[in-house]
Structures are given as C-alpha cells and as structure tokens.
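The following note collects points for a colleague who is examining the coordinates. Each point takes up one site or one group of contacts.

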Amino acid sequence: MKIKYFLFVFFVLINAIVIAQSGKKEDVIYLKNESVIRGIITDKNDSRIKIQTSDGSIWVYTSNEIMKVTRENKFGSYQNNKKGFAHFTELGPLVAGKTSIEGVTTAAFSFQTINGYKFSKYLFTGIGAGVDLYATQTIIPLFASLRGDFTNSGTVIPFYFADGGYGINITQNSPGNSNFKGGINYAAGIGAKIPFNRSAGFLVSFGYHHQSSSYNQSAAKKEIEYNRLAIRAGFFL
C-alpha cells in the first residue's frame, strides 16, 4: 500500500512539473541582417510581424526583413550537449517492507552526492558517496555511477541511472549484535531533470535500490538484504 502511495505522489509531481515548465518557450525572429530577436509575437500578417521583447519593447519588422520565424526554448535553457564536469546531489526516502533485523516494516532515508565527467548527453560516469539511514543500521555507500539523458533538450529532460559499489556499515557494535559489516550495493532507475538555467537545475528520480549487510549474533552470522524503492529529489550542475 505504501509503495502505491509513493508511486502516485511521484507521478503527480512529475505531471505538475511538466505543466509548470510548459510555458518556457519564446518566439524567435531571425532577420536577414543576421540579427536575432526573442520575445512574444503580438501581431502577425502577410506583410509584417510585431514582437514584444522581455524588457517590454515592441518591434515591427516587414516580411522582406525576415529570414525565418521559430518558437524555441528560452535563451537560458539547459545546454545538454556540453562536455565536462557534472555534479548530482539527491536525497529522499527508501520505501520497502520487512527488511529490518526484527523483520518489521521500517522507514529509511538516503542522501548521496555524485561527481564525474559528462561525455555526451547520453553518457555520464562518476563516483558517488552518501549515507543510508535505516532504522537499525547506518551505511555509507561508495559507488560508481552511470547516467544519461534520453532527449537533447526540453523543459523536462528524462534520464536513466545505474549505480554499483560497496556500502560501509558504521553501525556501532554491541555485545548482543557485534561486528556489523557492509556489503555490495546497486541501484537503477529513471528520473526527470528540470533545468532552471543553462547549466543547472532540479531533478526527481525513482528506482530500485539494493544494499547487503551482515552482523554476528551468538557466534552466528546473520545476512541482511535491504531491497528498497528509492524516491529522490535534488539538483544537478
């Protein structure tokens, strides 16, 4: 039931973001003298076009002066093809069922930051670290990350991600449950980037997250697997 609730909230959020961003388009007039005018076309006929720019000025051009007229993302739109350093910071709940030591449903929270290199819109590789706070254990994930965008531009850009590495268990040892140890972790999913300028923006993501762990109890080793649905929000550079 909780999973269905979080899925519903996630997709409602995505829909709201798409609607909110749908107005980030502008009219663009390319003139034969190589000038480019951006704004909102307020009047248009066969002989002339009237356009209002962002500062409130109104300009009128005859059809003989105009090379072409288009509608494009606003000038500050995200430059998706740019290569170089990239950064992601995300946080959110890890939703699941009976995965605690006691076998009961527990809440969990995750924070992570990733730095790396963007080769193209389709491929980013980087190294990430963070903290996963489970009800009974605290784990520091260290992982490699692979990411990429499905589209080149837009006010909402869908992306994929795949992570894999090792989680260091920093839960304090105790006489009853001693020698906590970490294990492998991996994750995969999809998300949406919402640019707010030419190089940065917000993001939301949804995916599967796995973390292995173990501890000793009465000289016996106990294995634990945290299988979660990760719902995160954050920002990217």
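1. Glu34 sits in the loop that runs between strand S1 (25–31) and strand S2 (36–44). The model is a predicted one, and in it Glu34 has a positive phi of about 80 degrees, although Glu34 is not a glycine. Most residues other than glycine have a negative phi. Glu34 is exposed, its relative accessible area being 73%.

2. How many salt bridges does the count give? The total comes to five salt bridges. One of them joins the side chains of Arg71 and Asp27, with an N to O distance of 3.1 Å. This pair links distant parts of the chain, since Arg71 belongs to strand S5 (residues 66–73) and Asp27 to strand S1, 44 residues apart.

3. Lys193 lies in strand S12 and Asp149 in strand S9, so the pair ties together parts that are 44 residues apart in sequence. Lys193 is buried, with a relative accessibility of 4%. Asp149 is buried as well, with a relative accessible area of 4%.

4. Arg48 and Asp43 provide a further salt bridge, in which their side chains meet at 3.3 Å, N to O. Arg48 is partly exposed, with a relative accessible area of 30%. Asp43 is likewise partly exposed, and its relative accessible area is 30%.

5. The side chain of Asp132 does have polar partners: a polar contact of 2.9 Å joins it to the side chain of Ser110, and another, of 3.3 Å, is made with the side chain of His209.

6. Arg228, in strand S14 (residues 220–236), presents a related case. Arg228 is buried and lacks a salt bridge, and the nearest side chain of opposite charge is that of Asp132, at 9.1 Å. A polar atom of the Arg228 side chain lies 3.0 Å from the backbone oxygen of Leu94.

7. Rolling a probe the size of a water molecule over the atoms shows where empty space is left. Here the count comes to one cavity of 30 Å³ or more, and the largest cavity has a volume of about 60 Å³. The elements that give two or more residues to its lining are strand S9 (138–149) and strand S12 (183–195). Strand S12 gives the most, with three residues.

8. Which residues line the largest cavity? The lining consists of Gln112, Asp132, Pro141, Phe143, Asp163, Asn185, Tyr186, Ala187, His209 and Arg232. By class, the lining divides into four nonpolar, three polar and three charged residues.

9. Gly191, which lies in strand S12, is buried with a relative accessible area of 11%. Gly191 and Phe159 are 32 residues apart in sequence, and their C-alpha atoms are 5.3 Å apart in space. Asn216 is part of strand S13 (residues 201–217) and is partly exposed, with a relative accessible area of 25%. The C-alpha atoms of Asn216 and Phe180 are separated by 7.0 Å, and the two residues are 36 residues apart along the chain.

Methods:
Residues numbered from 1 in each chain as written. Predicted model: local features only at pLDDT ≥ 70, side-chain atom pairs only at ≥ 80, totals over all residues. Heavy atoms only, no water. Helix = DSSP H or I, 4+ residues; strand = E, 2+ residues; numbered from the N terminus. Buried < 20%, exposed > 50% of the residue type's maximum accessible area, 1.4 Å probe, protein only. Lys, Arg positive; Asp, Glu negative; His and termini not counted. Salt bridge = Lys/Arg side-chain N within 4 Å of Asp/Glu carboxyl O. Polar contact = N/O pair within 3.5 Å; in protein donor to acceptor, adjacent residues only side chain to side chain. 1 Å grid on protein atoms, 1.4 Å probe; cavity = no way out; pocket = protein on both sides within 12 Å on 5 of 7 lines; lining within 4 Å. Points joined across faces, edges and corners; volume = space filled by probe spheres on them. Nonpolar A, V, L, I, M, F, W, Y, C, P; charged D, E, K, R; others polar.
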